[in-house]
Number of protein chains: 2
Amino acid sequence: MEAHSLIKDAGLKLTPRRRAMIAHFSLSSGPLAPVELHERLKAEFPRCGLPGVYRNLEALADCGVLFRVAGFGRERRYALCSQPHHEEHHHHHIICISCGRVGQVEECLYQEGMMIDGFRLVGHLVQLRGVCAPCAVKESEGSG
Amino acid sequence: MEAHSLIKDAGLKLTPRRRAMIAHFSLSSGPLAPVELHERLKAEFPRCGLPGVYRNLEALADCGVLFRVAGFGRERRYALCSQPHHEEHHHHHIICISCGRVGQVEECLYQEGMMIDGFRLVGHLVQLRGVCAPCAVKESEGSG
DNA sequence: AACCTAAACAGAAAAAGTTTCTATTTAAGA
DNA sequence: TCTTAAATAGAAACTTTTTCTGTTTAGGTT
Ligand SMILES: [Mn+2]
Ligand SMILES: [Mn+2]
Ligand SMILES: [Zn+2]
Ligand SMILES: [Zn+2]
């Protein structure tokens with residue numbers, strides 16, 4: 001389990017709660033909001049409160065198991081990240097608008113230091129949306 | 001005033017409140033959060049409430065006078081947009097991390113329909129941070 | 001297997017952010 | 001000037017998020 005070693009390496013504990021959260025993200029089609037995850041956890045953990053969910057989501061995002069998804073308006077959402085977000089491993093994510101599948105985008109078009117419009121680039125936020133291959137197949141089948 | 005015609009074209013009214021908001025954005029170095037803007041408006045409009053500020057920020061963003069800045073974590077922030085965000089005029093913004101100056105980035109590296117990591121791209125969110133030319137000069141003067 | 005300790009936990013509470021509602025006022029066209 | 005759709009204030013409700021405190025637990029150590 002990649003996620004488990006990320007947790008350990010960060011000096012965090014691998015609790016039943018966190019295992020379950022990761023499992024829910026694995027099963028889920030698409031990014032989850034705190035309330036949504038809380039809803040799903042309540043079945044297995046009736047005493048689980050929303051504050052704990054927030055705490056764990058942030059902890060898991062900080063250690064690279066999850067990433068914070070942008071582009072859902074004001075909604076806060078997280079999704080599994082299959083590779084840790086280290087400085088040495090810069091990447092972005094593309095999310096399927098149909099099924100929620102997350103793709104790692106290794107190639108980045110924005111390089112720190114490049115000049116853009118007279119500015120020297122020092123940081124960037126990129127969040128992509130698209131249609132994944134399986135969903136593209138379904139699309140063409142549906143209309144064919 | 002470009003902003004004023006944008007407001008008119010959207011069928012909105014050009015109220016003193018909105019004039020003042022635009023003026024504050026012009027004067028401000030950097031994007032503003034609703035509470036920050038409210039704080040500044042209270043001097044001139046003592047009876048101005050936060051709900052009205054939210055309403056107007058959204059109205060001005062919808063008609064293209066402002067844009068919603070991403071990349072400030074969970075904070076909601078807006079800034080002046082010097083060109084309307086029409087489909088025909090796609091662009092992004094780069095914000096100076098030193099002074100808050102906003103640059104329009106006309107060239108976009110992500111084209112709808114292009115294939116990325118097996119996904120067909122259908123949308124993207126890009127928010128850039130950088131150092132503007134004047135601030136770069138100041139930087140080099142300071143260390144020289 | 002029984003400790004030990006830092007971390008995680010639940011739950012309440014507070015704080016912050018945001019939206020909704022209604023009655024009143026106003027911008028701007030006729 | 002008259003008319004009307006839009007903007008406004010203010011209260012209230014609502015949602016989201018954080019903080020706090022005391023209790024429990026994971027995981028390493030003995
Ligand atoms: Mn990732
Ligand atoms: Mn713009
Ligand atoms: Zn898909
Ligand atoms: Zn600058």
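Reader: Let's start with a charged pair: which residue of chain B does A:Arg120 form a salt bridge with?
Author: This is a predicted model, so the distances here are computed from it. The closest N and O atoms of the pair are 3.7 Å apart, and the cut-off for a salt bridge is 4 Å. The partner of A:Arg120 is B:Glu139.

Reader: How many salt bridges are there between chain A and chain B?
Author: Over all chains, the structure holds 12 salt bridges. There are also 10 residue pairs in polar contact between chain A and chain B, both residues at pLDDT 80 or more. For salt bridges between chain A and chain B, the count is two.

Reader: Which element gives the largest share of the side of chain A that touches chain B?
Author: Four elements of chain A give two or more residues each to that side: β3 (92-96), β4 (102-105), β6 (119-131) and α5 (133-143). By class, the side has 19 nonpolar, eight polar and eight charged residues. The largest share, 13 residues, comes from β6(A).

Reader: In what sense do β6(A) and strand β6 of chain B pair?
Author: Strand β6 of chain B covers residues 119-131, and it pairs with β6(A) over 11 bridges. To pick one of them, A:Val131 has B:Arg120 as its bridge partner in β6(B). The sense of the pairing is antiparallel.

Reader: How much area is buried between chain A and chain B?
Author: Interface size is often quoted as the accessible area lost when the parts come together. Here 35 residues of chain A are in contact with 35 residues of chain B. Carbon and sulfur atoms give 61% of the buried area, and the total is about 2900 Å².

Reader: What kind of axis relates the two chains?
Author: Two copies of a chain are related by a rotation about an axis and a shift along it. Chain A goes onto chain B with a rotation of 180° and 0.0 Å of shift along the axis, at an RMSD of 0.0 Å. That is the relation of a two-fold axis.

Reader: And which residue of chain A has the C-alpha nearest the axis?
Author: Of the interface residues of chain A, 100% are also interface residues in chain B, so the copies meet through the same surface. The C-alpha nearest the axis in chain A is 2.4 Å from it, and it belongs to A:Val126.

Reader: Within chain A, which helix holds both A:Lys42 and A:Glu39?
Author: A:Lys42 forms a salt bridge with A:Glu39, with 3.6 Å between the closest N and O atoms. The two sit three residues apart, about one turn of the helix. That helix is α3 (residues 34-44) of chain A.

Technical notes. Residues numbered from 1 in each chain as written. Chains lettered and ligands numbered in written order. Predicted model: local features only at pLDDT ≥ 70, side-chain atom pairs only at ≥ 80, totals over all residues. Heavy atoms only, no water. Contact = heavy atoms within 4.5 Å. Buried area = accessible area lost by both parts, 1.4 Å probe. Salt bridge = Lys/Arg side-chain N within 4 Å of Asp/Glu carboxyl O. Polar contact = N/O pair within 3.5 Å; in protein donor to acceptor, adjacent residues only side chain to side chain. Nonpolar A, V, L, I, M, F, W, Y, C, P; charged D, E, K, R; others polar. Pairing = 2+ DSSP bridges. Least-squares fit on C-alpha atoms with pLDDT ≥ 70 in both.
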